[in-house]
Amino acid sequence: MFKERKNKPLAHKDIENFYSMIKNKDPFCFVRYSDGEMEIIRNRYLKIEGGRTHFKGKISKNNFSEMDSKEFDPKRDNCIREDLLKSAIIRMPKYYKGLPHKRFKNDRDLVLTIHGGLDEYITFADLLINSNYYFFRENILPLFEEYVDIFVVANYRAKPIDILRKSNHIKIPDNLFPKYKIIKREILDNLLKVPSGSLILSSASSLSNIIGCQLFRKRKDITFIDVGTAINDLISLEKITRTYHEIYFSKGFKSFLKKLRPSFYIRW
């Protein structure tokens, strides 16, 4: 059922595969395991609030907005970790898992072990951003307009505009973890009823992994994409919050220099 990859994943080939599936309306699911998900999987306390980040046992300052606030407490939130682990363990045809890339090899290899090895459904957590962001914006985003039914799972402050203006917004609160079970159930109840062929774009932190997995187990006729911050401007949220935003939307020498950073390129 699952073909082992003979070669390591290549970001440009994998995003071209997504492009082909979206163009042909071939349903699939894509979820991403980034640094936040890895901290939860490792069962380590995580908090982003009030300009401070508790991450990997250290405290640092940040410039994140209020809607980026979250707190994972291992003593309270074991159910979240269990569901996240299940999403990493379960294997299904066309259920793609995006893993951390070369700079975070230990995290990447941990998810790869949980998954059961390298196969055709393993790709990069950064697949739609960084060095692939231009392709995503110029080639994949325009295809979204061809879907009749689009649903956006995002913060309650979001407001879909432009090519997403007719989409249905499923709202989530700041720091959803304390009310995780209720919120997850409400969102799944809504998404399980969507029309066949629907496109679901999720920007809901670790909840995206969980609802993507649980939804796709029952609805193989929909496309679910964990977009993260890749569509911030199309849901009326702050346009430039990441380096890849600045490189794409801004012009100038500083933007060019940032493009030269090794971290900009997606490598296995």
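Reader: Where is Asp-162 found?

Author: Asp-162 is found in the loop between β8 (150-155) and β9 (168-172). Helices (H or I, at least four residues) and strands (E, at least two) are DSSP runs, numbered from the N terminus. This is a predicted model, with residues numbered from 1 along each chain as its sequence is written. Local features need pLDDT of at least 70 and side-chain atom pairs pLDDT 80 or more, totals for chains, interfaces and linings use all residues, and side-chain values use heavy atoms, without hydrogens or water.

Reader: What makes the phi of Asp-162 worth a remark?

Author: Its phi is positive, at about 55°, although Asp-162 is not a glycine. Most residues other than glycine have a negative phi. Ser-236 is likewise not a glycine and has a positive phi of about 60°; Ser-236 is placed in the loop between β11 and α8.

Reader: Why is Asp-162 called partly exposed?

Author: The term covers relative accessible areas between the limits for buried (under 20%) and exposed (over 50%), with a 1.4 Å probe and protein chains only. Asp-162 has 49%, so it is partly exposed. Ser-236, at 36%, is therefore partly exposed as well.

Reader: How do you know that Glu-49 forms a salt bridge with Lys-47?

Author: A salt bridge requires a side-chain nitrogen of Lys or Arg within 4 Å of a carboxyl oxygen of Asp or Glu. The closest N and O atoms of Glu-49 and Lys-47 are 3.2 Å apart, so the pair qualifies. Glu-49 has a relative accessible area of 45% and is therefore partly exposed. Lys-47 has 22%, so Lys-47 is partly exposed too. The structure holds 17 salt bridges.

Reader: Are Asp-221 and Arg-219, which meet in a salt bridge, buried or partly exposed?

Author: The side chains of Asp-221 and Arg-219 meet at 2.8 Å, N to O. Asp-221 has a relative accessible area of 26%, so it is partly exposed, whereas Arg-219 is at 12% and therefore counts as buried. Elsewhere, salt bridges that share partners join Glu-71, Arg-76 and Asp-77 into one network.

Reader: Why are α3 and α7 called oblique to each other?

Author: The axes of helix α3 (residues 78-89) and helix α7 (residues 206-218) come within 9 Å and cross at roughly 55°. Axes are lines fitted to C-alpha atoms, for helices over the stretch in contact, and angles run from 0 to 180 degrees between N-to-C directions. Angles under 35 degrees count as roughly parallel, over 145 as roughly antiparallel, 65 to 115 as roughly perpendicular and the rest as oblique. The value for α3 and α7 falls in the rest, so they are oblique. Ile-80, Asp-83, Leu-84 and Ser-87 in α3 meet Ser-206, Asn-209, Ile-210, Cys-213 and Gln-214 in α7 (contact means heavy atoms within 4.5 Å).

Reader: What makes α7 mostly covered?

Author: Ten of its 13 residues are buried, among them Leu-207, Ile-211 and Phe-216.

Reader: How do you know that α3 and α6 are oblique to each other?

Author: α3 and helix α6 (residues 180-191) pack at an angle of about 40°, with their axes 10 Å apart. That angle again belongs to the rest, so α3 and α6 are oblique. Cys-79, Ile-80 and Asp-83 of α3 make the contact with Tyr-180, Lys-181 and Lys-184 of α6.

Reader: Why is α1 called roughly parallel to α5?

Author: The axes of helix α1 (residues 11-23) and α5 come within 11 Å and cross at roughly 15°. This angle is under 35 degrees, so α1 is roughly parallel to α5. Ile-15, Glu-16, Tyr-19 and Ile-22 of α1 make the contact with Phe-135, Phe-136, Asn-139 and Ile-140 of α5.
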